[in-house]
Amino acid sequence: MSSANVAKGVAAANGAMELSDGTFVRVEGAGPAAIFLHGIGLDHSIFAGQVSAFRHSMTTVAYDIVGHGRSRKPQVEHSISLYLDQLCLVMDELSLDRPILVGFSLGSLIARAFAIRYPERLAGLALMNTWFQRTPKETRKVLSRLSQAATAGPAVSVAPALERWFSEAYRVSSPESLKNIADILKANDHHSFISAYAIVAAQGTPEVDEVDRITCPTIVITGQEDRGNSPGMSMRVSENIEGSDLVILPGLRHMALVEDAAVVNATLARLFRRVAVG
């Protein structure tokens, strides 16, 4: 990889830690850096399959987005700027120079916004199961889910989410994995979850939608059967990012990164190699 894409002095700090702003982060490995950004209501642990695959050749950084997991939960309205400030602090305190950003779902919005606002600070970008230009029907569905969660709390979203996120075969064969995801979702802080969900449901936000301004090497990945963030959305994102690659994974839904880490990792490796050659 490009010599600019390095993590300076992070190897000595491998493991779990809390940064100055209360961000919980786990660092593994050494060498070129990749930062993993999770989805709404989840935490850094969903990237276990990616971290275990890439920590032998890279510095992998996975942290809990503000309001999630073990990171601080300020009782303020969430915003893209709040998330970007957190990401900047992670990069600064860990001395990460031009990492690759791997953003999943909500994390993909943060990654998109960062690539638009700070193009000089990135070496590459992976947008996983992102959304873009929802149809009216898709908008009604996400607003309905937001309304239900706001009224009844995050727990009401768990069972429908697991059905949308995983194939039936995986739900039958991997009950422990689903229980782990369900436990993470149920533990959410109500205010943080709803505030983050409002960002997910927002329409026409320039700081994340002006994807034609993204210039770094980019790969867009989704599952063929992702019901919430449809393949069509990923197609539209990729069409608007010059030179980006689009990968649609057959038979997989929203959480392909957990259900089939191997195929997702093989796809991410394409981006990592592309950055290395560049």
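Helix α12 spans residues 261-277 of this predicted model, where helices (H or I, at least four residues) and strands (E, at least two) are DSSP runs numbered from the N terminus. With 17 residues, α12 reaches 24 Å from its first C-alpha to its last, close to the 24 Å expected at 1.5 Å a residue; the expected span is 1.5 Å times one less than the number of residues. Within α12, the buried residues are A261, V264, N265, T267, L268, A269, L271, F272 and V275. Here buried means under 20% relative accessible area, exposed over 50%, and partly exposed in between (1.4 Å probe, protein chains only).

Residues are numbered from 1 along each chain as its sequence is written, and side-chain values use heavy atoms, with hydrogens and water left out. Because the model is predicted, local features need pLDDT of at least 70 and side-chain atom pairs count only at pLDDT 80 or more, while totals for chains, interfaces and linings use all residues.

A53 belongs to helix α1 (residues 48-54) and is partly exposed, with a relative accessible area of 38%.

Turning to helix packing, α2 and α3 pack with their axes 10 Å apart and at an angle of about 75 degrees. Axes are lines fitted to C-alpha atoms, for helices over the stretch in contact, and angles run from 0 to 180 degrees between N-to-C directions. This angle makes α2 roughly perpendicular to α3, since angles of 65 to 115 degrees count as roughly perpendicular, under 35 as roughly parallel, over 145 as roughly antiparallel and the rest as oblique. On the α2 side, I80, S81, Y83, L84, L87, C88 and M91 meet L106, I110, A113, F114 and R117 of α3, contact meaning heavy atoms within 4.5 Å. By class, the residues of this contact divide into 10 nonpolar, 1 polar and 1 charged. In this scheme Ala, Val, Leu, Ile, Met, Phe, Trp, Tyr, Cys and Pro count as nonpolar, Asp, Glu, Lys and Arg as charged, and the others, Gly among them, as polar.

Helix α4 and helix α8 (residues 190-201) also have axes 10 Å apart, and they pack at an angle of about 170 degrees. That makes α4 roughly antiparallel to α8. The crossing of α4 past α8 is left-handed; a crossing is left-handed if the near helix is turned anticlockwise from the far one by less than a right angle, and right-handed if clockwise. Residues V142, L143, R145, L146, A149 and A150 of α4 meet H190, F193, I194, Y197, A198, V200 and A201 of α8. This contact comprises 11 nonpolar, 1 polar and 1 charged residues.

R145 deserves a word of its own. Located in α4 (residues 136-152), R145 is partly exposed, with a relative accessible area of 21%. Leaving aside neighbours within four places in sequence, R145 is in contact with R164 and Y197. R145 and Y197 are 52 residues apart in sequence and 9.1 Å apart in space, C-alpha to C-alpha.

The axes of helix α5 (residues 158-165) and helix α7 (residues 175-186) come within 10 Å and cross at roughly 135 degrees. These two helices are therefore oblique to each other, and α5 passes α7 in a right-handed crossing. V158, L162 and W165 of α5 make the contact with L178, I181, A182, L185 and K186 of α7. The contact residues divide into 7 nonpolar, no polar and 1 charged.

Backbone geometry brings two serines into view. Most residues other than glycine have a negative phi. S95, although not a glycine, has a positive phi of about 55 degrees. It lies in the loop between α2 (80-93) and β6 (96-97) and, at 34% relative accessibility, counts as partly exposed. For S105, phi is near 55 degrees, again a positive value in a residue other than glycine. S105 sits in the loop between β7 (100-104) and α3 (106-117) and counts as buried at 6% relative accessibility. Not counting residues up to four places away in sequence, S105 touches G39, M128, N129, W131, N229 and H254.
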